[in-house]
Amino acid sequence: MPDPAPSRATSLPVGSDADLARVRRQIRQAAAGLGFGLVQQTKLVTAASELARNTLVHGGGGHVEITPLTLGEPRGLRLSFVDRGPGISDIELAMTDGYTSGGGLGLGLSGSRRLVDEFALDTEPGTGTTVTVTSWTTAIPAARPGAR
Amino acid sequence: MTPPSPGPAAAVPVLALGETLLVTLHGELHDGTAELLQQDLAERIARSGAVGVVIDISGVDMVDSFLGRVLAETAANARVLAARTVVVGMRPAVAITLVELGLTLPGLTTALDVELGLELLTRARPAAPGRRERGT
């Protein structure tokens, strides 16, 4: 997997549902600009919406860093959702389809993981959570962790 | 800087077509707007005696688990208030994404466009007497 140096990272606040809408719009634009297809754009924006909502609801707000990966092919888009909330004490449980601590459907983490090419969760109880996802313009259909 | 999104929770207009309510969603839907719509629709159904609801999402470019849940709950509310709901116009990319997300929305009736949705409601409507009439 190529890992070109990041360029032109944008940081957006995630503190309200108007912010969620803004984050979705910005990521849609970035993905379209990088040449992502319509389905890929939709998957990435949907994953971003789930993760940004987690940042807002569970993390008490935070920010998202949007980084286009434009050196070399394929091009990619990396998104980091950062909060300083309570963290996740049981990652395995939190990643389970249907598990929820916030009254949602419990698809935020597990579902968004299926919608992106790479997914990394970094969390520490009491310190916060960072979820970083990356998708590439050429779909690599092989690895779909969690797909059933 | 990008311009701010239109204010929080702007109401979505609900159009009455005979005994059916038509709601058209488009663009960026805030969480608050979606929740407000859910309440508005339930009140409209109860007040008007509508027997069908068509929710057109052809202008919506993303349905995440939140909006999916709002749609499912809206349909469930309507059912309890004796109205059927059809969600119409879902874009293919949205459908593909929803299924991969893990949200297959069982219990939600769908149709490809408004016309087919209205047809579905008309066909499903029992021609029984004693059906609730609008108004007066």
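Reader: What makes strand E2 (residues 62-69) of chain A and E3(A) a pair?

Author: Two strands pair if DSSP finds at least two bridges between them. E2(A) and E3(A) have eight bridges, in the antiparallel sense, so they pair. This is a predicted model, where local features need pLDDT of at least 70, side-chain atom pairs count only at pLDDT 80 or more, and totals for chains, interfaces and linings use all residues. Residues are numbered from 1 along each chain as its sequence is written, while chains are lettered from A and ligands numbered from 1 in the order in which they are written.

Reader: Which residue of E3(A) is the bridge partner of A:Glu65?

Author: A:Ser80. In E5(A), A:Ser80 has the bridge partner A:Thr132. E3(A) and strand E5 (residues 128-136) of chain A run antiparallel, joined by eight bridges.

Reader: Why is strand E3 (residues 76-83) of chain A called mostly covered?

Author: Seven of its eight residues are buried.

Reader: How many residues does the contact take from chain B and from chain A?

Author: The contact takes 21 residues from chain B and 26 from chain A. Residues are in contact if their C-beta atoms, placed from the backbone, lie within 7 Å.

Reader: Which helices of chain B each supply at least two residues of the side that touches chain A?

Author: Helix H1 (31-48), helix H2 (65-80) and helix H3 (92-101). Helices (H or I, at least four residues) and strands (E, at least two) are DSSP runs, numbered from the N terminus. H3(B) gives the most to this side, with six residues.

Note on methods
Two residues are in contact if their C-beta atoms, placed from the backbone, lie within 7 Å. A residue is buried if 20 or more other C-beta atoms lie within 10 Å of its own, exposed if 12 or fewer, and partly exposed in between; C-beta atoms are placed from the backbone.
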